[in-house]
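Open the model in your viewer and keep the selection tool at hand.

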Amino acid sequence: MSGGRLFITEALSWVSERDNVTGSRFRGSVLQPFWDCLHRNHHDLLRSPHFPAVLSISTYFVLVGLYTALDLLAPTWPRLNRYKLHPGRHVTWPNIWATLGLTTHNHLLYVFPATVAQWLWRPPTPLPREAPTLLSFLLGILGCMVLFDFQYYVWHLLHHQVPWLYRTFHAVHHQYHQTFGLVTQYLSGWELFSVGLWTTVNPILLRCHCLTAWSFMVFNVYVSVEQHCGYDFPWALHNLVPFGLWGGAPKHDAHHQRPSTNYAPFFSHWDMLGGTHGAPTPSGHAAAGKPDKTKLRKD
């Protein structure tokens, strides 16, 4: 779940201009020294209209690069391979080139032109002098997550229930039945646009400080990549959040195998309430029996 930055730089410039409620009324925030350091050392970069897009894109490629390296190491590293959701199904170079090719195409066709246009059309904007309080920072990220979770659940459900929407826009993402890192942005342009729009607009709707907005963007990218990574590590978020409230890679992998289940990107409550919750895919170290000795399949 994290791509699509067509409106990011424009909208976050509006956020940075506001001396908004997440920072302006509170002094002595624990985040203030960090924010002051950013002001002193990276002021011009942070003011740049293209900074949010560069931040999210660089975060994405660093994360998928890490998981792709793990995918290439897994076949010869049994202790790593046992944490894969499909230990006998290995990511191949054709899988990597195909997914990376579409990701690069989308960034060149949609993201890069929008970023350049914003850089040309928008002057640098002033940053608020005060950092958000720690409480407003955390609540802002949580609020953006909850709102995004609902938006994408409805979008995702509709694109599976309406055959035309599925065939036209969402089917490309389901060409892989087992997930791995680079599947994260193996998307149509419309899905990339939708995800990027909500990632940008939600901090504005909740009147978040720009530091909160940028942090939500980075966290959203991280969660999206982790959700598609194909691993069940002990430190993954779905193993840390109690009561099965977090989706994570096992549930999203199950969605790619059973597309009528697990539509929400973050939490599990909407799937539970909507009757679309499905059992997660067990990893190699948790699954009973022998793994299927086949390669990753693309239909």
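A residue counts as buried when its relative accessible area is under 20%. Bear in mind throughout that this is a predicted model.

Select Cys 229 first. At a relative accessible area of 2%, Cys 229 is buried. Next, pick Cys 37, which at 30% relative accessibility falls in the partly exposed class. There is no sulfur–sulfur bond to look for at either stop, because the structure holds zero disulfides.

Now show helix H6 (residues 134–161) together with helix H7 (residues 163–170). Their axes come within 5 Å and cross at roughly 105°, so H6 and H7 are roughly perpendicular to each other. On the H6 side, the contact involves residues including Tyr 152, Trp 155 and His 156; on the H7 side, Pro 163, Leu 165 and Phe 169 are among them.

Stay in H6 and select His 160. Is His 160 buried or exposed? With a relative accessible area of 16%, His 160 is buried. Beyond its sequence neighbours up to four places away, His 160 touches Tyr 166, His 170, His 174, His 255, Pro 259 and Tyr 263.

Finish in helix H9 (residues 210–228), at Glu 226. Glu 226 is buried but has no salt bridge, and the nearest oppositely charged side chain, Lys 251, is 12 Å away. Leaving out residues up to four places away in sequence, Glu 226 touches Tyr 67, Ala 236, Leu 237, Trp 246 and Ala 249.

How values were computed:
Residues numbered from 1 in each chain as written. Predicted model: local features only at pLDDT ≥ 70, side-chain atom pairs only at ≥ 80, totals over all residues. Heavy atoms only, no water. Helix = DSSP H or I, 4+ residues; strand = E, 2+ residues; numbered from the N terminus. Buried < 20%, exposed > 50% of the residue type's maximum accessible area, 1.4 Å probe, protein only. Lys, Arg positive; Asp, Glu negative; His and termini not counted. Salt bridge = Lys/Arg side-chain N within 4 Å of Asp/Glu carboxyl O. Contact = heavy atoms within 4.5 Å. Disulfide = S-S within 2.5 Å. Axes fitted to C-alpha atoms, helices over the stretch in contact; angles between N-to-C directions. Parallel < 35°, antiparallel > 145°, perpendicular 65-115°, else oblique.
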